[in-house]
Amino acid sequence: MTKKSKKEVSREIGLEVGYLCGNYFLKMNHLHYGYWKDNLELDITNLHIAQDEYAELIVSHIPQSVKTILDVGCGTGQIDKLLIDRGYKVDCLSPSNYLNNKIRELLGDKTNIYESTYEDLQTEKKYDMIQFCESFQYIDMEKAFSNTHKFLNKDGYMLICDIFKKDVPGKCAFSGGHRLTRFDDMIKDKPFKLIDSLDITEQTAPNMDLMNDVVQNVLRPAIDAGVRFSESRQATIVKFVKWLYRKKIEKLKRKYCSENRTGEEFKKHKLYQLLLFQKV
Ligand SMILES: C[S@@+](CC[C@H](N)C(=O)[O-])C[C@H]1O[C@@H](n2cnc3c(N)ncnc32)[C@H](O)[C@@H]1O
């Protein structure tokens, strides 16, 4: 495997920490935003239900002929457990050793795990469907299309369920997602035909309001209190550390703590869609 970049390492650690906190405090097993149905109360304790709904949504869009699936960026393997329980033969792929160990605990020898990025995948195997659930955004698109074409059986399917960036003016408080116009431009020349598409921005955006609530009402005050405590003990050292890392601290505050990380902001700048393509 090629050496991981700093960005890849910090992303993996971010996912690990997200999983540890979410799993411990909220019974959360998946690593995606969830699918908030109209009748589900927007409460943090319901996040695990929204996540299970998302997994069901994926399963409900699998074409009937599909028997074998490669789950690219499989996270904790929860969607894969559901797929295996429903009779599919599933292989998992993720570059994260930590998450892959969780899958080993969950699924044992019911799955084969590729510990690799998708870009670097080497295998002779082919699949009826290759899926990307909130993982497509991390993968080089050119390589994703060429590899998917290579690793799919004849008439196989590519399922992408992820965020895309809309071309709208202004800076967005959220990062993530390939630019939609670039994706559309690229896919139209690739040997895939669109079979199904569903816009689920409205059902994923509530997660942003929830996370914003946690950050503004728990995380920020907790960090502020921690800093005040440290200042009361070691004022000079804390001042120095704050000065030394001032740029990083500002960047982190802008990225994770800005107050406009809301569902409305998400809907303005992002499109979350489920796309099903067939290889031609
Ligand atoms: C947000 S999580 C989504 C996990 C899971 N699909 C889910 O829906 O719960 C993103 C996943 O993509 C994986 N990932 C990140 N970069 C990748 C890459 N270049 N190739 C394959 N997987 C990647 C991460 O390890 C993680 O498992």
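Student: In which helix does Ile237 lie?

Tutor: In this predicted model, Ile237 lies in helix H8, and Ile237 also belongs to a nonpolar patch on the surface together with Phe240, Val241, Trp243, Leu244, Tyr245 and Ile249.

Student: What makes these residues a patch?

Tutor: A patch takes residues with over 30% relative accessible area and no salt bridge, and nonpolar side chains are joined within 5 Å; the residues from Ile237 to Ile249 named above are grouped as such a patch, with about 690 Å² of accessible area together. Helix H8 gives the most to the patch, with five residues.

Student: Why is the contact between Glu56 and Arg86 called a salt bridge?

Tutor: The cut-off is a side-chain nitrogen of Lys or Arg within 4 Å of a carboxyl oxygen of Asp or Glu, and the closest N and O atoms of Glu56 and Arg86 are 2.7 Å apart, so the pair qualifies. Glu56 lies in helix H2 and Arg86 in the loop between helix H3 and strand S2, so the pair ties together parts that are 30 residues apart in sequence. A search of the whole structure finds 13 salt bridges.

Student: How do you know what the lining of the second largest pocket is made of?

Tutor: That pocket has a volume of about 420 Å³, and its lining includes Leu219, Asp224, Lys242 and Tyr256. The elements that give two or more residues to this lining are helix H8 and helix H9, with H8 giving the most, six residues. Since Tyr and Cys count as nonpolar, and Asp, Lys and Arg as charged, the lining divides into seven nonpolar, no polar and four charged residues.

Student: Why does the radius of gyration of the protein chain agree with that of a compact globule?

Tutor: With 280 residues, a compact globule would have a radius of gyration near 19 Å, and the protein chain has 20 Å, which agrees; along its principal axes, the C-alpha trace spans about 65 × 40 × 40 Å.

Definitions and conventions:
Residues are numbered from 1 along each chain as its sequence is written. This is a predicted model: local features need pLDDT of at least 70, side-chain atom pairs count only at pLDDT 80 or more; totals for chains, interfaces and linings use all residues. Side-chain values use heavy atoms; hydrogens and water are left out. On a 1 Å grid over the protein atoms alone, a cavity is a set of points where a 1.4 Å probe fits but cannot get out, and a pocket is an open set with protein on both sides within 12 Å along at least five of seven lines; lining residues have an atom within 4 Å of a point. Grid points are joined across faces, edges and corners, and a volume is the space filled by probe spheres set on the points. Helices (H or I, at least four residues) and strands (E, at least two) are DSSP runs, numbered from the N terminus. Patches are made of residues with over 30% relative accessible area and no salt bridge: like charges are joined within 9 Å, nonpolar side chains (Val, Leu, Ile, Met, Phe, Trp, Tyr) within 5 Å. Accessible areas come from the Shrake-Rupley method with a 1.4 Å probe; for residues, only the protein chains shown count as cover. The radius of gyration is taken over C-alpha atoms; the globule rule is 2.2 Å times the number of residues to the power 0.38.
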